[in-house]
Amino acid sequence: MAPVEHDALAVREQLFHERVRECIICALLFASLYILCHFIITHFKKQTDFAAVHDDEDAAVNRIALGMCTFTLAVALGAVLLLPFSIISNEVLLSFPHNYYIQWLNGSLIHGLWNLVFLFSNMSLVFLMPFAYFFTESEGFAGSKKGIMARVYETSVVLLLLTLLVLGMVWVASAIVGNNAASRQSLYDLWEYYLPYLYSCISLFGVLLLLLCTPFGLSTMFTVTGKLLVKPRLLEDLDEQLSCTRFEEAAVSRRIASGKTSCWLNLNVGLLREQLLAIQSKRRKLERRHRASPWQRNLGYPLAMLGLLALTGISVLIVCFHVLELLLDDAAMPRGIQDAPLGQVSFSIFGTFGAALQVILIFYLMLSSVVGFYSSPLFTRLLPERQDTPLTKIIGNCVSLLVLSSALPVFSRTLGITRFDLLGDFGRFNWLGNFYIVFLYNMGFAALTTLCLVKKVTWAVQEELLRAFGLHKLPLPVPRSRPLGERC
């Protein structure tokens, strides 16, 4: 064999081994996410929906739909980890450029992960989740033989009709917006135009949902932290409060007992029981605060609140600085690239520390958006319950989390949280090149977050000061009505 042919064969063999290695790594990562999501869904699912006591067919259908939900949730979790994994990989390659044991971490692997997440997100939103919902609601066509295949046929027909309906709506919209041959011809290309365009609309909806949920979630996290952690004692005597609460609880308990045994007392026992439950809840909170150690009481709560305040303030400052960059430099606009130049330059001006801060901010904003989503009045009913969540609610939760998480890379890059450009089809969204949309989006996030932060912090400080000085117990002044004959 000639040396040239030997070198070409060695190059092809190396490319083959790299491709096999990337496939194995992607499969192991997704299998790990799938197993983790299976345990999460099992923790919340309603066990009676999957028991084969009443109907083996319904239980089998629910298990198939549950597998689709687990796949969708794994894709959502992968979308959350996509951008932090890419940033960390770049910093690792910068720190150890010639290390043999991390040579598998390259741009081809990262680019493949971005493409897989984009593909699976499209597949889950367009096909799997609608199929799972219609599959659980189907019973088969009238007159057909009952069974799982009859449900599959009915679900396929309904999904096909829904697809035709969506295609028709897009055709009508295309005729209204751009009545030319080029716009209609582009709809014939289902894979290159229609699906990316549909996912671009879904991504825009997810980014807008993140814009609304994240500031609300940031303010909610301050409230949740205040409820979970023990607040420090400021000019208050817990022993006295606990003693008074116990006496009050004993008094209400005696009134309930006397109302049951005596026929002469006309007491509202139901109202007294509600009052007793409220007093018992207050007593448990006071006992929890009384048992807390001084370190937990005086150090844990202030550090947690300062951490939330610092992360929120840093996020707002980064977005404000990004707004100035948008006005001065066109390179600040989010854009997509087809190649990932990893290991060449850091994506933060502060190096490894800045990259770590970017990862923390991305997770923090995602967590706050999820908290804000489930705390909003529109989506409170979707909140899952332990061992009591029906399958339709699980499907709704998976779709919502996938919409939020798949928009997270675009959300982070649009706000300037990270400089890592969007890879693959994530950078093909039409609205990313619109300066006015990106600029107004940054201004809206900065304004809403600042408003929620100032409102929450000022109210919390005012409440703690009133509670510390005992002013919250004072009766509110009631203005006296002026007599009719008195002049102003």
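Okay, let's start with a pair: the side chains of Arg151 and Asp58 meet in a salt bridge, at 2.5 Å from N to O. By salt bridge I mean a side-chain nitrogen of Lys or Arg within 4 Å of a carboxyl oxygen of Asp or Glu. Arg151 sits in helix α4 (residues 148–177) and Asp58 in helix α2, so this pair ties together parts that are 93 residues apart in sequence.

Quick word on where this comes from. It's a predicted model, where local features need pLDDT of at least 70 and side-chain atom pairs count only at pLDDT 80 or more, while totals for chains, interfaces and linings use all residues. Residues are numbered from 1 along each chain as its sequence is written, and side-chain values use heavy atoms, with hydrogens and water left out. Helices (H or I, at least four residues) and strands (E, at least two) are DSSP runs, numbered from the N terminus.

Back to our pair: is Arg151 buried or exposed? Buried, with a relative accessible area of 8%. Asp58 is partly exposed, at 29%. The cut-offs are under 20% for buried, over 50% for exposed, and partly exposed in between, using a 1.4 Å probe and protein chains only.

How many salt bridges does the structure hold? Two. The other one joins Arg419 and Glu325, with the closest N and O atoms 2.3 Å apart. Arg419 is in the loop between α12 (408–414) and β2 (422–423), and Glu325 is in helix α9 (residues 294–328), so here the linked parts are 94 residues apart in sequence. Arg419 comes out partly exposed, at 28%.

Arg419 also turns up beside Gln358. Leaving out residues up to four places away in sequence, Gln358 touches Arg419, Thr418 and Ile87, among others; touching, or contact, means heavy atoms within 4.5 Å. Gln358 belongs to helix α10 (residues 352–375) and is buried, at 7%.

Now for helix α2 itself. Its 40 residues (56–95) should span 58 Å at 1.5 Å a residue, and the end C-alpha atoms are 56 Å apart, which agrees. That expected span is 1.5 Å times one less than the number of residues. There's a kink of about 35 degrees at Leu81, shortly before the proline Pro84; the bend is the angle between axes fitted to the seven residues ending there and the seven starting there.

Last stop: Leu242, in helix α7 (residues 238–261). Leu242 is buried, at 6%. Beyond its neighbours within four places, Leu242 contacts Arg283, Leu286 and Glu287. Leu242 and Glu287 are 45 residues apart in sequence, with their C-alpha atoms 7.2 Å apart.
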